[in-house]
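Here are my notes on the model, point by point. Please read them with the structure open.

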Amino acid sequence: MTPDDARALVRRCLGEIAPDADLDALEDADDLRETLDLDSMDIFNLVAAIADESGVEIPDREVGRLTTLGALVERVAGAPAP
């Protein structure tokens, strides 16, 4: 998946989790939990939505390191094709 495709996927999934968020203002370095006021369940739902839409599975042990939009996009873009 290209980085642009990954970014579109992550933004689409974030829109489902935080429908009132201004995703256009979200920068790569923004912490998703702080900027969008996401809790651990929201992050779990985000990772599950990404997996459902793309087949990219993100192990629980990695989720804690994927705190920014940029890190999440990079992880999804770098995943092997399912």
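1. Ground rules. Helices (H or I, at least four residues) and strands (E, at least two) are DSSP runs, numbered from the N terminus. The model is predicted: local features need pLDDT of at least 70, side-chain atom pairs count only at pLDDT 80 or more, and totals for chains, interfaces and linings use all residues. Residues are numbered from 1 along each chain as its sequence is written, and side-chain values use heavy atoms, with hydrogens and water left out.

2. Ala29. This residue sits in the loop between H1 and H2. Ala29 is exposed, at 66% relative accessible area; the scale is buried under 20%, exposed over 50%, partly exposed in between, with a 1.4 Å probe and protein chains only. From Ala29 to Glu62 the C-alpha distance is 17 Å, across 33 residues of sequence.

3. H1 against H5. The axes of H1 (residues 3-17) and H5 (residues 69-77) come within 8 Å and cross at roughly 120°. Axes here are lines fitted to C-alpha atoms, for helices over the stretch in contact, and angles run from 0 to 180 degrees between N-to-C directions. The pair is therefore oblique. The classes are: under 35 degrees roughly parallel, over 145 roughly antiparallel, 65 to 115 roughly perpendicular, the rest oblique. H1 passes H5 in a right-handed crossing, where the near helix is turned clockwise from the far one by less than a right angle.

4. Who makes that contact? H1 supplies Pro3, Ala6, Arg7, Leu9, Val10, Arg11 and Leu14, and H5 supplies Leu69, Leu72, Val73, Val76 and Ala77. Contact means heavy atoms within 4.5 Å. The tally for H1 with H5 is 10 nonpolar, no polar and 2 charged. In this count Ala, Val, Leu, Ile, Met, Phe, Trp, Tyr, Cys and Pro are nonpolar, Asp, Glu, Lys and Arg are charged, and the others, Gly among them, are polar.

5. H1 against H3. These axes come within 9 Å and cross at roughly 130°. H1 and H3 are therefore oblique to each other. Their crossing is right-handed. On the H1 side the contact includes Leu9, Val10 and Cys13; on the H3 side it includes Leu46, Ala49 and Ile50. The residues of the H1 and H3 contact comprise 8 nonpolar, 2 polar and 4 charged.

6. The core. The largest nonpolar core has 26 residues. Such a core is a set of buried Ala, Val, Leu, Ile, Met, Phe, Trp, Tyr and Cys residues joined through side-chain atoms within 4.5 Å. Val10, Leu14, Leu32, Ile50, Ile58, Leu72 and Val76 have the most contacts inside it. H1, H3 (40-54) and H5 each give two or more residues to this core. Beyond four places in sequence, Val76 touches Met1, Ala6, Leu9, Val10, Ile50, Val56 and Ile58.

7. Arg75. This residue lies in H5. Arg75 and Glu62 are 13 residues apart in sequence and 9.5 Å apart, C-alpha to C-alpha. Leaving aside neighbours within four places, Arg75 is in contact with Val56, Glu57, Ile58, Pro59, Glu62 and Leu66.

8. Two loop residues. Thr68, in the loop between H4 (60-63) and H5, is buried at 19% relative accessible area. Outside four places in sequence, Thr68 is in contact with Asp28, Ala29, Asp30, Asp31 and Leu32. Asp37 belongs to the loop between H2 (32-35) and H3. Asp37 is exposed, at 65% relative accessibility. Its phi is near 55°, a positive value in a residue other than glycine. Most residues other than glycine have a negative phi.
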